[in-house]
Amino acid sequence: MKTQQLLNFARGEWTPGDAASLTELPSAIDGSAVALTGSGGLDFGAMARFARDVGGPALRALTFHERARMLKALGLAILARKEELYALNYATGATRKDGWIDIEGGAGTLLSFSSKGRRELPDAHVLLDGQLEPLSKSGLFQGQHVYTSLQGVAVHINAFNFPIWGMLEKLAPALLAGVPAIVKPASATAWLAEAAFRVMIEAGILPPGAAQLVVGGVGDLFDHLTGQDVVSFTGSAQTALKLRSHPVIQRESVKFIAEQDSLNASVLGPDAAPGTPEFDLFVAEVVNEMTVKAGQKCTAIRRAMVPSDYLDDAEQAIAARLASLSVGDPRAKETDMGALVSQAQRDSVREAVAAITAAGARIAAGDLDGVIGPGGGAFMSPVLLRTDDPWACEAVHDVEPFGPVATVMPYADLGDAVRLANRGKGSLALSLFTHSGDAARDFILGAGAFHGRMLVIDRVSGKDSTGHGSPLPVLVHGGPGRAGGGEEMGGIRGVTHYMQRTALQGSPAMIAAVTSQYIPGGPKHVIDSHPFRKRMNELSIGDTLRTASRTVSIEDIEHFAHFTGDTFYAHMDEEAAKASPIFEGRVAHGYLILSFAAGLFVDPDPGPVLANTGLENLRFLTPLYPGDSMRVELTVRSKSLKSEETGVVRWAVEIFNQKDELVATYDLLTENVP
């Protein structure tokens, strides 16, 4: 690979670092120079202002759906040029399989957040949080929690192991929230992050100032942060503490998200004896987590816990699998595990192994000092450690070898396994291999508070499982205690990390105006033409159809009861219904009310409404008695675009009786032509 000088992307321009700041980056394969990186000479204060003054307003001018479509375009741009990125991937020590997680997994994260944004967020600028809170008897003064975009910059400091995925899993929720970012990749693999970032800039999708890149140190950037900014960091606990303790972070209460050291555990359940599917799945997963990315994963299994009776069997099975793997040049198709990112990283792993063995563990498989692969590379064989007394060998719970190393250890009973798992003082991920629901329940009740993500894997889910160490865009990634106490991703939860939750108070009309969504009690625009005859873009929030009334008779109730088989006493037995503390006599079925409501508001002819796709938030509020009448008000609550061909309209359905009392309310979802 030709040595290149990496460029920073600052204030809309590609800018080299000055000569004094340049650092040479070596290939993990043979130690040859891959790139020069540095950020000396950058005006970090100006970069922060550019993000806030140019990038922020441009992003906030877009709706959630417009930002979501932007993410989709970015993801497709990465996929279109993925082979360029794979060619650069090998020098990080990663195989193509490892690169798939990073490159296509990163693009997939963008696509996932795009999909979540279009399906779960409104085509608006304000996100509702929870339901309206009544604050007055009249209903004219109410409360509503809302999220709005922070008006600062997100500073993303990423780790070396996933230069593309690690960048995009932070960038996706920030951009969807409407917050611009300054991205600082780890220097060790910065050439790959810079290449992926360049793909996104050259695609011409992002507005100016939405994203900037720093390929060296961050200089005095932290001196320019404010309470509207967010720092999201992935790396060591030592560095996280240093950054978190920065006086500006403390003084300005800058939101700080950390994902750091994690001694993740995998536990073989008491029922998972050798020969069971769960035992085999456990062994395969431990080996996989030790060798994918050469074990350089923040979620990798570091501690493998097994019932004491199965310890020898587990050790032998894991060692046999490890012995069958090919370790070497990641460019070779037959290679199962490539190199660590650098010789310095390999030395760090060896030091960690030495600390654990000095505390009482021993090497059960693997050659710590063996020569593997091309000369000058950062290769080492995977190493399985074993300790027979995990409570005495404290280093196994305190020292993380960030490489192809795991320690197998026994536990006495399930309670002991829980305590051992929690001894890690907080982790990103824990997996439990058991076919016993009771064991799973007891274990998670005992250990859940110490782990950010927990997988229960058995013969039923094994084939479909994404595995112990796979963070997913729709699930939170982070963990308590040692793991940093932060959260990333988790679908829309990750988006709200870059937003401010505010308690909004006012009239329903005012809250509707602020949120651009219909709020019960808010203004309605009664229309004469049927809304089902209009395309989605012809509908406005608050458009309302008021239907005619229909009287519900005792014959209707009895016919519905016999037709459906629902002969519950409240519908069929007058005396029993009167004896009820909530009814005055026989009442109409709730589902009869819903059916009659549909008959009142549905337009039967083919048109822009393609299908009824769901009903949510149903509440029955007032009984409907024989002889009562009912009418419906159908109001456009919100709209969202699924694709170029279809969208979703959320309708507020309110059913009233002849006294204008609310009988029932719910949200109706329809798929519409845009």
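Start at Gly178, which has a positive phi of about 90 degrees and sits just after helix α5. Helices here are DSSP runs of H or I of at least four residues, strands are runs of E of at least two, and both are numbered from the N terminus.

Before going further: this is a predicted model, where local features need pLDDT of at least 70 and side-chain atom pairs count only at pLDDT 80 or more, while totals for chains, interfaces and linings use all residues. Residues are numbered from 1 along each chain as its sequence is written, and side-chain values use heavy atoms, with hydrogens and water left out.

Back to α5, residues 165–177. Of its 13 residues, 13 are buried, meaning under 20% relative accessible area with a 1.4 Å probe, protein chains only.

Now the largest nonpolar core, which has 60 residues. A core is a set of buried Ala, Val, Leu, Ile, Met, Phe, Trp, Tyr and Cys residues joined through side-chain atoms within 4.5 Å. Helix α5 gives the most to this core, nine residues. Met200 is among the members that touch the most others. Leaving out residues up to four places away in sequence, Met200 touches Leu74, Ile78, Met167, Leu168, Leu171 and Ile205; contact means heavy atoms within 4.5 Å. A second, separate core has 32 residues, including Leu368 and Tyr411.

Last, the sheet. Three strands form an open sheet in the order β1-β5-β4, with mixed pairing; two strands pair if DSSP finds at least two bridges between them. The edge strands are β1 and β4. Strand β5 pairs with β1 in the parallel sense over two bridges.

Terms used:
Expected span 1.5 Å × (residues − 1). Buried < 20%, exposed > 50% of the residue type's maximum accessible area, 1.4 Å probe, protein only.
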